[in-house]
Amino acid sequence: MQVRIYQPAKTAMQSGRAKTHSWILEYELATPRRPEPLMGWTSSGDTLNQVKLTFESADEAIAYATRKGWTYEVITHNDRIVRPKNYADNFRADRPRVGRF
């Protein structure tokens with residue numbers, strides 16, 4: 001069985017980085033998703049794609065996957081680059097102007 005181990009990104013509705021420090025183990029899809037004939041909703045015959053296991057560290061998730069005999073892929077996240085911004089810089093005299101002023 002193939003699993004994916006990753007750290008979740010923050011949602012668009014979050015301003016902080018809460019709930020992004022844990023690691024998630026997710027199963028890969030065994031069967032393709034297809035539209036259901038009656039209602040047209042997306043469905044799958046595999047119920048394991050609904051399961052997400054959370055761990056405190058990547059090592060715990062890797063140890064769990066190896067203990068179960070699963071092949072895993074660890075997806076690392078890109079480091080966050082914080083560029084400090086100052087509101088007063090919007091009104092600087094040497095600021096490049098865009099458009100007609």
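Author: Let's start with a pair of side chains: E26 and Y6 are joined by a polar contact of 3.3 Å. A polar contact here is a pair of N or O atoms within 3.5 Å; within protein, one must be able to donate a hydrogen and the other to accept it, and residues adjacent in sequence count only if both atoms are side-chain atoms. Before going on, the ground rules: this is a predicted model, where local features need pLDDT of at least 70, side-chain atom pairs count only at pLDDT 80 or more, and totals for chains, interfaces and linings use all residues. Residues are numbered from 1 along each chain as its sequence is written, and side-chain values use heavy atoms, with hydrogens and water left out.

Back to E26, which has its place in strand β2. Helices (H or I, at least four residues) and strands (E, at least two) are DSSP runs, numbered from the N terminus. E26 counts as buried because its relative accessibility is 12%; buried means under 20% relative accessible area, exposed over 50%, and partly exposed in between (1.4 Å probe, protein chains only). If you skip neighbours within four places in sequence, E26 is in contact with V3, R4, Y6, V51 and K52, contact being heavy atoms within 4.5 Å.

Now hop along to E28, found in the loop between β2 and β3. At 28% relative accessibility, E28 counts as partly exposed. The side chain of E28 has a polar contact of its own, 3.3 Å to that of R4. Again leaving aside neighbours within four places in sequence, E28 touches Q2, V3, R4 and D46. E28 and M1 are 27 residues apart in sequence, yet 7.9 Å apart in space, C-alpha to C-alpha.

Strand β2 (23–27) also meets the helix: the buried residues of α1 pack against it, as well as against β1 (2–6), β5 (52–55) and β6 (71–75). Which residues are those? In α1 (residues 58–68), the buried ones are A58, A61, Y64 and A65. They sit on the same side of α1 because they cover an arc of only 125° around the axis, the arc being that of the directions from the helix axis to the C-beta atoms. On the face turned away from that buried side, α1 carries the exposed residues D59 and R67. Just after α1 comes G69, with a positive phi of about 85°.
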